[in-house]
Amino acid sequence: MVTHYKCPNCGSDMAFDAASGKLSCPNCGRQDDIETFPEENIQQKFAPEEAKEYHCENCGAVLLTEAETTATHCSFCGAPVILADRLTGDLAPAKVIPFTISKDEAVAAFKKWTKNGRLTPRGFMNGDRIKKMTGMYVPFWLYDIDGKAEVAAIGTRMRTYQQGDTVITETDFYDVYREIDLSYLKVPADASEKMDDELMDKLEPYDYSDLKDFRMPYLAGFLAEKYDFDEDALFSRIESKIVPYIDTYIGSTISGYSTVSYTNKQINANKKKVYYTLFPVWMVYYDFENKEHTFAMNGQTGKVVGKPPISGGKVAAWFMGIAISTFAVLKTISYLVGGVLW
């Protein structure tokens with residue numbers, strides 16, 4: 001099913017505007033709330049089966065999409081298109097965080113970010129090599145976790161004192177036991193095979209106060225993907241993600257000992273609730289020295305992540321500066337204490 005949101009004033013295709021949070025018409029400037037958009041202005045064409053080929057209701061062009069695509073643009077007329085039959089049933093998201101950063105704001109923020117790279121090549125820092133910037137909704141699973149941790153350990157407390165010429169160290173041993181209830185809310189994991197997991201993890205955190213019940217108009221004007229991995233396939237990633245936080249919390253409950261040696265540590269995490277959610281991401285493709293570099297920007301907070309190129313000359317100059325500064329400090333100290341530094 002192909003869906004167009006037609007402007008009630010002029011009939012043009014409307015798209016979601018991140019700045020206002022409304023459907024916006026690029027032709028006449030009309031804006032509508034998603035919740036109250038007139039049903040009669042939503043044009044849909046149903047297909048009997050999911051397919052990779054769709055027809056644009058705006059100009060009649062054939063749209064070729066990948067099976068995972070749920071929102072796109074017509075390559076011919078540019079109209080925002082939502083493939084709604086790919087967002088129903090088990091494929092329907094429960095929640096969405098809408099874009100709050102427009103494309104113009106994203107471009108400006110990325111250019112500013114490139115100038116902060118102290119060790120990047122000079123040509124990279126001008127920020128004018130953006131090849132493409134694409135706004136897309138990336139599928140995530142959000143997990144509410146309940147569980148328990150059972151820990152046994154041996155703690156020691158040492159006391160050292162002197163009797164005459166003898167130094168005595170006394171060590172007391174303690175059995176330590178902890179049983180801890182665990183609760184973590186909305187732990188995210190991206191569910192798209194195309195997205196780099198490390199890149200998506202670094203885009204966190206998102207502000208969950210902006211979570212909204214999913215409505216298809218939020219996708220208008222942006223690309224969107226459906227999930228490749230279901231909630232069960234990604235749960236092991238969630239477990240590995242929360243283990244460091246659990247370890248830190250367990251450690252915080254065992255204090256006052258000189259040493260702690262764990263003899264048993266059992267952590268059982270269980271899914272309490274899972275939400276299929278779409279997160280806003282600006283994907284940035286940047287040309288530099290005949291190579292394309294990929295970056296990502298959180299479409300809600302503006303946080304930019306990625307690996308910029310490093311200038312070998314700047315790195316060498318930085319280390320040289322550290323060496324010269326260190327030598328100067330040592331020489332000053334030597335002079336003050338009356339020594340000689342060779």
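Author: The model is predicted, and a search of the whole structure finds 15 salt bridges. Part of that set forms a network, in which Asp190, Asp197, Asp201, Glu204, Arg237 and Lys241 are linked.

Two pairs within this group can be described in detail. In one, Asp197 meets Arg237, with the closest N and O atoms 3.5 Å apart. The partners come from distant parts of the chain: Asp197 belongs to helix α2 (residues 197-202) and Arg237 to helix α3 (residues 235-253), 40 residues apart. Asp197 has a relative accessible area of 33%, so it is classed as partly exposed. Arg237 is also partly exposed, at 21%, where the cut-off for buried is under 20%.

In the other pair, the side chains of Lys241 and Asp201 form a salt bridge, at 3.5 Å from N to O. Because Lys241 lies in helix α3 and Asp201 in helix α2, this pair ties together parts that are 40 residues apart in sequence. Lys241 is partly exposed, with 21% relative accessibility, and Asp201 is partly exposed, with 30%.

Glu170 pairs with Arg159, and their closest N and O atoms are 2.9 Å apart. Glu170 sits in strand β12 (residues 166-190) and Arg159 in strand β11 (residues 130-163), a separation of 11 residues. Glu170 is partly exposed, with a relative accessible area of 32%, and Arg159 counts as partly exposed at 47%.

Methods
Residues numbered from 1 in each chain as written. Predicted model: local features only at pLDDT ≥ 70, side-chain atom pairs only at ≥ 80, totals over all residues. Heavy atoms only, no water. Salt bridge = Lys/Arg side-chain N within 4 Å of Asp/Glu carboxyl O. Helix = DSSP H or I, 4+ residues; strand = E, 2+ residues; numbered from the N terminus. Buried < 20%, exposed > 50% of the residue type's maximum accessible area, 1.4 Å probe, protein only.
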